[in-house]
Amino acid sequence: MRRSKGKQKMRAWPFPYAKLMHPFIIGGGVTLFLFSKIQNAMCEGEIYADNPKNPKYAEIQARKHKAEGH
């Protein structure tokens, strides 16, 4: 059994890995971006804005409080 000495270099891929995978990588990034936008929009919606379980509840309440002139 061989033991590694120090850092090992990564093996070169025998085929164009990035060329084949780039549509999936781009699609994953776009999907994450869109889901983030949808989640933020839902947190700001009327239904969820007054729910204390909302992660942005304190921020929304502070904005309402400031808008009321307090």
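How many helices and how many strands does the chain have? The chain has three helices and zero strands, where helices (H or I, at least four residues) and strands (E, at least two) are DSSP runs numbered from the N terminus. This is a predicted model: local features need pLDDT of at least 70, side-chain atom pairs count only at pLDDT 80 or more, and totals for chains, interfaces and linings use all residues. Residues are numbered from 1 along each chain as its sequence is written, and side-chain values use heavy atoms, with hydrogens and water left out.

**Fold and surface**
- The pattern along the sequence is α-α-α.
- Of the 70 residues, 6% count as buried (under 20% relative accessible area; exposed is over 50%, partly exposed in between; 1.4 Å probe, protein chains only).
- Carbon and sulfur atoms hold 63% of an accessible surface of about 7100 Å² (Shrake-Rupley method, 1.4 Å probe).

**Salt bridges around Arg-63**
- The structure holds three salt bridges (a side-chain nitrogen of Lys or Arg within 4 Å of a carboxyl oxygen of Asp or Glu).
- Arg-63 pairs with Glu-44, with closest N and O atoms 3.2 Å apart.
- This pair links helix H3 (residues 57-67) to helix H1 (residues 17-44), across 19 residues.
- Arg-63 also meets Glu-59 at 3.1 Å, N to O.
- Arg-63 and Glu-59 are four residues apart in helix H3, so about one helical turn separates them.
- Shared partners join Glu-44, Glu-59 and Arg-63 into one network.

**Salt bridge from the loop**
- Asp-50 pairs with Lys-64 at 2.7 Å between the closest N and O atoms.
- Asp-50 lies in the loop between helix H2 (46-49) and H3, and Lys-64 in helix H3, so the pair ties together parts 14 residues apart in sequence.
- Asp-50 is partly exposed at 46% relative accessibility, and Lys-64 is partly exposed at 34%.
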